[in-house]
Amino acid sequence: MRSGVGVVALFIFFLLLVPHEVESAIGVNWGTLSFHKMRPSTVVDLLKANKITKVKLFDSNPDALRALMGTGIQVMVGIPNEMLSTFDSDLFVQQNLSRFIGKNGADIRYVAVGNEPFLTGYGGQFQNYVVPAMVNLQQSLVKANLASYVKLVVPCNADAYESNVPSQGMFRPELTQIMTQLVSFLNSNGSPFVVNIYPFLSLYGNSDFPQDYAFFEGSSHPVPDGPNTYYNAFDGNFDTLVAALTKLGYGQMPIVIGEIGWPTDGAVGANLTAARVFNQGLISHVLSNKGTPLRPGSPPADVYLFGLLDEGAKSTLPGNFERHWGIFSFDGQAKYRLNLGLGNRGLKNAKNVQYLPSRWCVAHPSKDMTQVGDHLRLACSEADCTTLNDGGSCSQLGEKDNISYAFNSYYQMQMQHEKSCDFDGLGMVTFLDPSVGDCRFLVGVTDKGLSSSAEPMARWSVYHICIGVLIWRFWTPTI
């Protein structure tokens, strides 16, 4: 019987005999910072239904990797920045790579060493750990006979380089030395340069940024650069990186877009129409193989849309839009029509989603809400109320509907536990969907059985249920 390492080595040998696809591929980022997590198997079924063959994870979640085993979906796993200074590379490879790779295993192609570790906002706290971590990991991959197949990358934010025009692009001066080491390492080991590009953030953070330049339909404010002219922010940003790599002697290094997308809520300009126009324009642009002025006919090797699902538990420090990047809502339902260029003409929704029962927590129609302030602060400090803010899809609700939305968000986050809709008597459970127009009052999902979450409600008498429905129906105005 062969050893485990021998089996993995044989498996890798046969995989390397299969020619790699050279055309650009569209993948997705699968983030899991959500109060309502679907079963990993449901998410993987969603990927398969939409013919998505590449997925990027932000960690090495074993449940996700187990669900991806045997699917043929290529995977990038991640190591969080906070782990770079302390993790054991041999142990990481053993626990997160070797035990999942093999016949009918997970097709792990990349390990992302950190996530935007050179971001200006981090003040350099992670950057000195990146290259040593990569060197140690590479040695561990060699020992595990995985180095020829699993490649190490470092997803960088676009703020790692700068220039007024793309052709003059260069890495930030304080990063020149470490970037030289990094790209030399990447080149030596056959790895691409991974960059995250967000035209939305350029528009969001700069009132003078021309809106049409963020999209792919031409711009009334093109950027001239010698013999070239740039009509969209993506091409300009991409070629700024190409120029920066060229200055270090690696102008032909493959480039992968690790994150790119457009949010649908939580800010002015973050809406369904803009997200659809941007993402469809991006996909069509990349798959046309047109390339960019500095790399004509050579688009990015891969593009990972950010993201697959909304993540309602993400930090809102950058902005409320952070929780609304998904092309699917948190429960795997398509937000808008999008052709990924992968065979389906539109997105297919997740199936067999495990929803909580169809009930909502709302403001009690007969109670005085003058003392509701502390309850609202509690609900929105723990649950997601970002759609209530300016620019959000629920920002036009009336006062009582605002309260109901906050109460319900907290109630669903608490898995509909009976006491989580009390709010000192100001809340009540209803079985009539209180959604208003485009503002959706969610019902939570779970990756577990419903027996425990449904049990508290079972103690309610039929009398209480009927009274609650009648009060809500009487109070709710006819639209």
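A crossing of two helices is called left-handed if the near helix is turned anticlockwise from the far one by less than a right angle, and right-handed if clockwise. By this convention, helices H4 and H5 cross in the right-handed sense. The structure is a predicted model, in which local features need pLDDT of at least 70 and side-chain atom pairs count only at pLDDT 80 or more, while totals for chains, interfaces and linings use all residues. Residues are numbered from 1 along each chain as its sequence is written, and side-chain values use heavy atoms, with hydrogens and water left out.

The chain has 13 helices and 17 strands; helices (H or I, at least four residues) and strands (E, at least two) are DSSP runs, numbered from the N terminus. Of the 479 residues in the chain, 52% are buried, where buried means under 20% relative accessible area, exposed over 50% and partly exposed in between (1.4 Å probe, protein chains only). Among contacts (heavy atoms within 4.5 Å) with a separation of 6 or more, 73% link residues 24 or more positions apart.

We may turn next to the sheet. Nine strands form an open sheet with parallel pairing, in the order S5-S4-S3-S2-S1-S15-S12-S9-S6. Strands S5 (151-153) and S6 (156-157) stand at the edges with a single partner strand each, so one side of each is left without a neighbour in the sheet. Helix H9 (residues 272-287) packs on this sheet, where it touches S1, strand S12 (255-260) and strand S15 (302-305). The direction of H9 makes about 170 degrees with that of S15; such angles run from 0 to 180 degrees between N-to-C directions, and axes are lines fitted to C-alpha atoms, for helices over the stretch in contact. Two strands pair if DSSP finds at least two bridges between them.

Towards S2, Trp 30 stands opposite Leu 57, and Asn 29 has Lys 56 as its bridge partner. Towards S15, Ala 25 stands opposite Asp 302. S1 is mostly covered, with six of its six residues buried: Ala 25, Gly 27 and Asn 29 point one way, and Ile 26, Val 28 and Trp 30 the other way. In S2, Lys 54 and Lys 56 point one way while Val 55 and Leu 57 point the other way, and all are buried.

Helix H2 (residues 40-49) has Thr 42, Val 43, Val 44, Leu 46 and Leu 47 buried, under a cover that includes S1, S2 and helix H3 (62-68). Just after H2, Lys 51 takes a positive phi of about 55 degrees. In helix H3 lies Leu 65, which counts as buried because its relative accessibility is 0%. Beyond its neighbours within four places in sequence, Leu 65 is in contact with Leu 57, Ser 60, Val 75, Val 77, Asn 96, Phe 100, Ala 106 and Ile 108.

The axes of H4 (residues 89-98) and H5 (residues 127-143) come within 8 Å and cross at roughly 55 degrees. That makes H4 oblique to H5, since angles under 35 degrees count as roughly parallel, over 145 as roughly antiparallel, 65 to 115 as roughly perpendicular and the rest as oblique. On the H4 side, Ser 89, Asp 90, Phe 92, Val 93 and Leu 97 meet Asn 136, Leu 137, Ser 140, Leu 141 and Lys 143 of H5. The residues of this contact divide into five nonpolar, three polar and two charged, where Ala, Val, Leu, Ile, Met, Phe, Trp, Tyr, Cys and Pro count as nonpolar, Asp, Glu, Lys and Arg as charged, and the others, Gly among them, as polar.

Finally, Leu 294 is placed in the loop between strand S13 (291-292) and strand S14 (295-296). Leu 294 counts as partly exposed because its relative accessibility is 34%.
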